[in-house]
Each structure stands twice: as C-alpha cells, then as structure tokens.
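Please work through the following exercises with the sequence and the model at hand. Each task is followed by a solution in steps.

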Amino acid sequence: MASRLDDALASAQRAVALDGEHQEARALVSNIRAQIADDAFTRVMSEGFTALQAGNSELAIAAFERALAMRPNSSQAQEAITQTKDQLAIEQINIHRSAAGISEGQEQWAAAVSEYDAALLIDPNVVFAIEGKSYAQKRLQLDTLLQNAIDQPERLSDIAVYEQVVQVYYTGRNQGVDGPRLAAQLLELEGLLNRAQVPVEVQLVSDNQTLVTLYQVGELGKFSQQALSLKPGKYVAVGTRPGYQDVREEFEVGFDN
C-alpha cells in the first residue's frame, strides 16, 4: 500500500512539475500526502496496540508517543498514552503487592514496608498499600524489640527493662498469626525471662580492708570473701580505702554461670 501511494505521489508531483498551475494535480499531491500521513499514523498506533495486547506497556507507550509527535493534537494518541500509563501503573503496583505478600509470608517486615512504599510512590491512595504498610511497620517494630531483647539478655536485670520486655513478649503472643520466626523468638525470650528471675550464686573476693559497694545491690562492707545470689545481668563494684585510689570493677553474671 505504501509503495503504491509513493508511486502515485511521484506521478502527481511530475504532473505538477510539468504544469504548476494544474489545480487537479496539486490537489492530488496534497491528498496523497495526507493519505500517506494517515497510513503512517495508523501504522504506528497499530504497533502500540499490538504491543499493549502482548503485555509490553512500555513499548506501547513509546509507539503512542511517536504517533502523538506525528499528530500533536491527536486525542486518540493522547488517550492511548494515558490509558496505557494507567495500566502500567496498575501492573507495577500489583508487582509490589505480590512482593510485599511474599516478604510478609517470610516475616521479612522491612522488605514488606519497602514494597508498600514503592506502591505508594506510584499511587499514594492505594488502600491495600496504606493498610499493609501500617501493619508491616508494627510487625517490624515488634520484631526489632524482640530481637534486641534476645541479643541483650543482660539488660533484663533492670526491673524497668524486664517489665518492658514482658509487655513486648505478650504483644508478640497476642499476634493473630504466628510465623516460625516469631514463634522461635517468643520461645527463646520466654526462656530468658524465666531465667532472668533465677538468682545465681556468685563469690566475691576482696582484701578485707576495702569498703565494697555493689551498684544495684548496695554497700557490702569489708570482707575477704562473700557469697551473693544475683540475678543475671551486668554489675559494677566499687572499692574505697583511705589513702588509695578507688577501684571500679565491672562484671557480668551470665545465664549459664
């Protein structure tokens, strides 16, 4: 078709060259050029729709934008671009939704938050992403608090910290759905909480001339050896003696002492 139109245009242009005042020949040139332009526009638009049907939204948009460049005022091309971009946005949002669901299933809460954020960058009003991000952020905070408590069990000797961790533990227990990671964290933390309340016998040795004060416990006085029952945690002992520099010793009573 394009070849025949090109041949027809060449013939019409030769006629105009022979007689520049030949109105029918000049009109024919204009009509053929318009038909060639119409065919080119239609062909590019067809390329876009074909790409769209094949699921290649980006290639379709590129074709529609070429068509719009050919006809800047074409509502058909502009509408095709808008609709395709909307479809591409929906496709990308669904990809992030699926990835977020996988991350949640694996209890990878930071990754889930990132996927919801990516979806909200495309459309800040997507309800599933707003609600999903809120839930994932809460689970991420819970996961972090649980893991911090497990990684720093010595802090449980502080009664305020102990009570806070107990609250975190029960928050975890009250989750509707327990994944293997959460279940493992709760099991380990439950053991640490129980053991944190079991005193361990510790033998302190001094020179019987130094006044010893054990922070978190009180003044122990002077002694050569003293047995104490201390809950697991970190402790600081300070020894004072007239004429001597104070001595500060830090030690930890572990869960396995």
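**Exercise 1. Determine what share of the contacts between residues at least 6 apart in sequence joins residues at least 24 apart.**

Solution. Step 1: a contact is taken as heavy atoms within 4.5 Å. Step 2: among contacts in the chain between residues at least 6 apart in sequence, the share that joins residues at least 24 apart is 50%.

The model is a predicted one, in which local features need pLDDT of at least 70 and side-chain atom pairs count only at pLDDT 80 or more, while totals for chains, interfaces and linings use all residues. Residues are numbered from 1 along each chain as its sequence is written, and side-chain values use heavy atoms, with hydrogens and water left out.

**Exercise 2. State how many helices and strands the chain has, and give their order.**

Solution. Step 1: helices (H or I, at least four residues) and strands (E, at least two) are DSSP runs, numbered from the N terminus. Step 2: the chain has eight helices and six strands. Step 3: read from the N terminus, the order is α-α-α-α-α-α-α-α-β-β-β-β-β-β.

**Exercise 3. Describe the packing of helix α6 against helix α8.**

Solution. Step 1: two packed helices are described by the angle between their axes and the distance between the axes. Step 2: the axes of α6 (residues 127–151) and α8 (residues 180–196) come within 10 Å and cross at roughly 35 degrees. Here an axis is a line fitted to C-alpha atoms, for helices over the stretch in contact, and angles run from 0 to 180 degrees between N-to-C directions. Step 3: the crossing is left-handed, that is, the near helix is turned anticlockwise from the far one by less than a right angle (clockwise would be right-handed). Step 4: α6 contributes R139, L142, D143, L146, Q147, A149 and I150 to the contact, and α8 contributes R181, L182, Q185, L186, E188, L189 and L192. Step 5: by class, this contact has eight nonpolar, two polar and four charged residues. Ala, Val, Leu, Ile, Met, Phe, Trp, Tyr, Cys and Pro count as nonpolar, Asp, Glu, Lys and Arg as charged, and the others, Gly among them, as polar.

**Exercise 4. Count the salt bridges and examine several of them.**

Solution. Step 1: side chains of opposite charge can pair when their charged atoms come close. The criterion is a side-chain nitrogen of Lys or Arg within 4 Å of a carboxyl oxygen of Asp or Glu. Step 2: the count is five salt bridges.

Step 1: one of them pairs R181 with D143 at 2.6 Å, N to O. This pair joins distant parts of the chain, with R181 in helix α8 and D143 in helix α6, 38 residues apart. R181 is partly exposed at 35% relative accessible area, whereas D143 is buried at 13%.

Step 2: another pairs D207 with R241 at 3.6 Å, N to O. The partners are 34 residues apart, D207 in the loop between β1 (200–205) and β2 (211–214) and R241 in the loop between β5 (233–240) and β6 (247–253). D207 counts as partly exposed at 36% relative accessibility, as does R241 at 23%.

Step 3: R248 and E250 also form a salt bridge, their closest N and O atoms being 3.6 Å apart. E250 counts as exposed, at 58% relative accessibility.

**Exercise 5. Is T84 buried or exposed, and which residues does T84 touch?**

Solution. Step 1: T84 lies in helix α4 (residues 75–105). Step 2: its relative accessibility is 1%, so T84 counts as buried. Step 3: not counting residues up to four places away in sequence, T84 touches L52, S57, A60, I61 and F64.

**Exercise 6. Which backbone angle of E107 has a positive value, and where is E107 found?**

Solution. Step 1: phi of E107 is positive, at about 60 degrees, although E107 is not a glycine. Step 2: E107 is found in the loop between α4 and α5 (109–122). Step 3: E107 is buried, with a relative accessible area of 7%.

Key. Buried means under 20% relative accessible area, exposed over 50%, partly exposed in between (1.4 Å probe, protein chains only).
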